[in-house]
Amino acid sequence: MRKKAIHKGMPISLSIEPTTACNLGCPECPSGLKQFTRPTGKLDLDLHEKMLDQVSKSVFYINYYFQGEPFLHPQFLDLVRNAKRHKIYTATSTNAHFIDAEKAKEIVESGLDRLIISIDGLTQETYENYRINGRLDKVIDGTKHLIDAKKVANSKTPHLIFQFLAVKPNEHEVPEVFILGKKMGVDEVRIKTAQLYDYKHGNPLMPEDETYARYKKNLDGTYSLKYKTGNHCWRMWSSSVLTWDGKVVPCCFDKDAQHVLGTLENASFEEIWNSASYRGFRNAVLTSRNEIDICQNCSEGAKVWA
């Protein structure tokens, strides 16, 4: 990557947000906490087709997730099918509460390539400590339905990933999630570190084992991000995020879309990608990244286990 704000190419990957709605109330998620300043809504199919028409020549990977629960979008799998018509690799992340046997069959038939299933506890008590209003049995059942549907269709997709968000109440279960994943037949298990908004003086969710944390304890008892954040970020030159209503934001850390670089209502994606506002943001990353609010708690390069 050149240390220049000008980029002559187009991104190779995108995150597209199906909806901001969510059925859970996770404590470190603005969607779950219902603390968005932007409106709740769902991606219009015509707008989605407009997105695909504008980016399909360069983009080969779309993650259909930003905020919210994708399967609350009633036509979510239509989004996937349309992307597959453009020969784009598709992925998403789900809390798996809306996957019954019929939905699992539809997911496999849609051609979805990768599906992350959030399983943040191995008992109902530990699971609902973070996934508030959630039910672990629905996650397990949804996973079983998906594995069965793949077997019936003799399909290798979607690649199923158990993702375990390590926080203090569940960190003792980390070894067990690998055992469960292997027993059930998921394709991969990942441990994810948690982004905590209020961390400088500690946080009840911060794991005791610093291996599973994004933060380190300093000599004065405060905490700081343990990953170095220099004036660089490959995402600014390779990917972008489109919200459900067509806004373009720089990356997935801008959860509340505070850094809108343009909107598809007024310009094409290519025009926005090459705009003065986008170049300005890239330049800020290259010169003073630590002064950008969404970059100050960024875990780019954070470790995962598999």
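A cavity, on a 1 Å grid over the protein atoms alone, is a set of points where a 1.4 Å probe fits but cannot get out. This is a predicted model, where local features need pLDDT of at least 70, side-chain atom pairs count only at pLDDT 80 or more, and totals for chains, interfaces and linings use all residues. Residues are numbered from 1 along each chain as its sequence is written, and side-chain values use heavy atoms, with hydrogens and water left out.

Q: How much space lies in the largest cavity?
A: About 90 Å³, with volume being the space filled by probe spheres set on the grid points.

Q: What makes a residue part of the lining, and which ones lie nearest the centre of the largest cavity?
A: Lining residues have an atom within 4 Å of a point. The largest cavity has 13 of them, and Cys-233, Cys-251, Arg-289, Cys-295 and Cys-298 lie nearest its centre.

Q: Why is Asn-95 called buried?
A: Buried means under 20% relative accessible area. Asn-95 has 3%, so it counts as buried.

Q: What does Asn-95 touch, leaving out residues up to four places away in sequence?
A: Contact means heavy atoms within 4.5 Å. Asn-95 touches Cys-22, Asn-23, Leu-24, Glu-69, Tyr-127 and Val-139.

Q: Why does Ala-91 count as buried?
A: Its relative accessibility is 0%, which is under the 20% cut-off, so Ala-91 is buried.

Q: Where is Ala-91, and how far is its C-alpha atom from that of Val-80?
A: Ala-91 is in strand S3, a strand being a DSSP run (E) of at least two residues, numbered from the N terminus. The two C-alpha atoms are separated by 8.5 Å.

Definitions and conventions
1 Å grid on protein atoms, 1.4 Å probe; cavity = no way out; pocket = protein on both sides within 12 Å on 5 of 7 lines; lining within 4 Å. Buried < 20%, exposed > 50% of the residue type's maximum accessible area, 1.4 Å probe, protein only. Helix = DSSP H or I, 4+ residues; strand = E, 2+ residues; numbered from the N terminus.
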